[in-house]
Amino acid sequence: MISSPSAGLKGTFRVPGDKSISHRSIMLGSLANGITEVSGFLEADDALATLSAFEQMGVKIERIETGKLRIHGVGLHGLKAPQNTLDVGNSGTSMRLLSGILAGQQFDSVLTGDRSLTKRPMRRVLDPLSLMGANVESTALGTSPLKIKGKTELTGIHYEMPMGSAQVKSCLMLAGLYAAGTTTIEEPAVTRDHTERMLRGFGYPVSTNKNVVSLEGGGALTATSIDVPGDISSAAFFMVAALITPNSEITLEHIGINPTRTGIIDILLKMGADIYLDNERLVGGEKVADIHVKSSQLIGIQVPEDLVALAIDEFPVIFIAAAYAKGTTVVTGAEELRVKESDRIQAMVDGLQSLGVNIEGTSDGAVIKGGLVQPGSIESFDDHRIAMAFAVAGLNAEGTVTVNNCENVSTSFPGFVELATDCGFKLKAQ
Ligand code: S3P
């Protein structure tokens with residue numbers, strides 16, 4: 001993608017559906033009894049990888065129109081053995097959540113992914129799954145392919161998670177559906193709670209108390225309908241874009257504002273952003289709002305550590321906001337960024353340094369001094385969010401920013417270039 005300075009962003013837009021909720025709608029819809037209708041589903045590679053995995057396990061999923069699905073649930077015990085290895089591409093959410101479901105099945109299965117996903121750490125799910133009695137094998141490095149043996153008896157555990165991760169928490173909750181007794185998970189910091197909310201939406205009791213979640217195995221899910229809101233993680237690119245580009249005023253409609261996801265708004269408000277929300281409403285157990293954003297002179301801040309887990313996917317674009325801010329922004333407590341689709345601290349440090357920005361990486365974050373952003377060419381490391389963040393960086397730079405290897409933008413944001421162009425980005429895909 002080649003991103004050039006823009007004269008301003010204007011208009012009212014919708015971004016594609018929430019990725020986390022889309023994955024879970026397929027998983028829980030497939031495991032429910034009855035037909036689940038989904039609208040607003042994210043038709044992007046990651047969520048489609050989950051969809052394909054369940055089709056390969058015998059679930060009928062009708063594609064009614066774009067974003068509209070009808071899932072013929074097979075019940076918790078109705079999945080069939082897949083004929084082949086389940087390849088979930090770039091999608092960490094598919095692999096980690098599916099490993100919890102597959103550990104509870106009567107058949108063996110193998111999960112694999114692309115060159116990024118097969119490097120990502122899987123012991124974080126395998127260790128607690130083994131404590132529950134699951135039989136899952138990884139490579140010697142603790143990476144996929146994962147070989148999951150069926151016909152194992154799972155037992156509920158009380159697990160204190162060493163890191164804040166909604167994927168690990170969700171994996172264990174899903175395994176907990178198949179386990180005898182109670183599965184309790186204690187998180188070091190609250191992470192996104194879409195699994196908890198959606199399980200309740202399917203009539204499955206889940207109890208939560210701050211950072212502790214627990215459920216009993218052996219229940220059943222009852223089909224429901226799901227309206228997936230716009231993904232706040234995708235909206236974040238447009239929020240920062242409008243803030244750093246003079247003469248901008250945009251509205252992002254129907255965005256999910258689940259309180260475990262709104263760290264980006266709190267961080268940008270602390271940086272002096274002109275953002276306000278209206279038309280707040282509840283859609284299928286998830287809060288939704290329209291987000292209005294105007295150009296603003298941002299200021300550097302120390303990002304509060306308690307907001308890190310609530311904005312974990314937004315740091316690439318928060319680093320861009322910091323590069324345009326007056327003063328210094330300090331990010332700490334964000335070591336999880338090093339094990340995302342790429343090492344996002346290193347990817348942002350490399351990219352911003354090549355655009356002349358004064359940034360220093362630390363083990364768990366970075367120190368970014370705002371200033372002029374020079375033209376240059378950067379590497380996305382095949383990471384969708386790094387690519388989109390640098391497309392935003394070009395909007396008010398001293399020249400053109402070229403972003404290499406952007407194919408993976410389609411894993412979370414199909415139509416990004418088109419929507420960005422409609423909004424006023426000067427963005428070309430090559
Ligand atoms: C996700 C959880 C987060 C996030 C990912 C989606 C989820 O990962 O980065 O994009 O849907 O549960 P971690 O659990 O690794 O923090």
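These legends accompany close-up views of a predicted model. Local features need pLDDT of at least 70 and side-chain atom pairs count only at pLDDT 80 or more, while totals for chains, interfaces and linings use all residues. Residues are numbered from 1 along each chain as its sequence is written, and side-chain values use heavy atoms, with hydrogens and water left out.

**View 1. The shell around the ligand.** Take a tour of the residues around the ligand: Ser 20, Arg 24, Thr 93, Arg 96, Ser 165, Ala 166, Gln 167, Arg 192, Ile 312, Asp 313 and Lys 340. Two are nonpolar, four polar and five charged (Ala, Val, Leu, Ile, Met, Phe, Trp, Tyr, Cys and Pro count as nonpolar, Asp, Glu, Lys and Arg as charged, and the others, Gly among them, as polar). At least two shell residues come from each of α1 (19-31), α3 (92-102) and α5 (166-176); helices are DSSP runs of H or I with at least four residues, and strands are runs of E with at least two, numbered from the N terminus.

View 2. From Ala 166, a backbone N or O atom lies 3.0 Å from a ligand oxygen. These are polar contacts, pairs of N or O atoms within 3.5 Å. Of the 380 Å² of accessible area that the ligand has on its own, the protein covers 96% (Shrake-Rupley method, 1.4 Å probe).

**View 3. Between two domains.** The ligand lies between domain 1 (2-16 + 229-428) and domain 2 (19-227), because both give residues to its shell; the bounds come from an automatic or database domain assignment.

**View 4. Two loops with backbone features.** Ser 144 and Pro 145 are joined by a cis peptide bond, with omega about 5 degrees. Pro 145 sits in the loop between β8 (135-137) and β9 (146-149). In the loop between β12 (207-209) and β13 (212-216) you will find Lys 210, a non-glycine residue with a positive phi near 55 degrees.

Technical notes:
Near = heavy atom within 4 Å. Polar contact = N/O pair within 3.5 Å; in protein donor to acceptor, adjacent residues only side chain to side chain.
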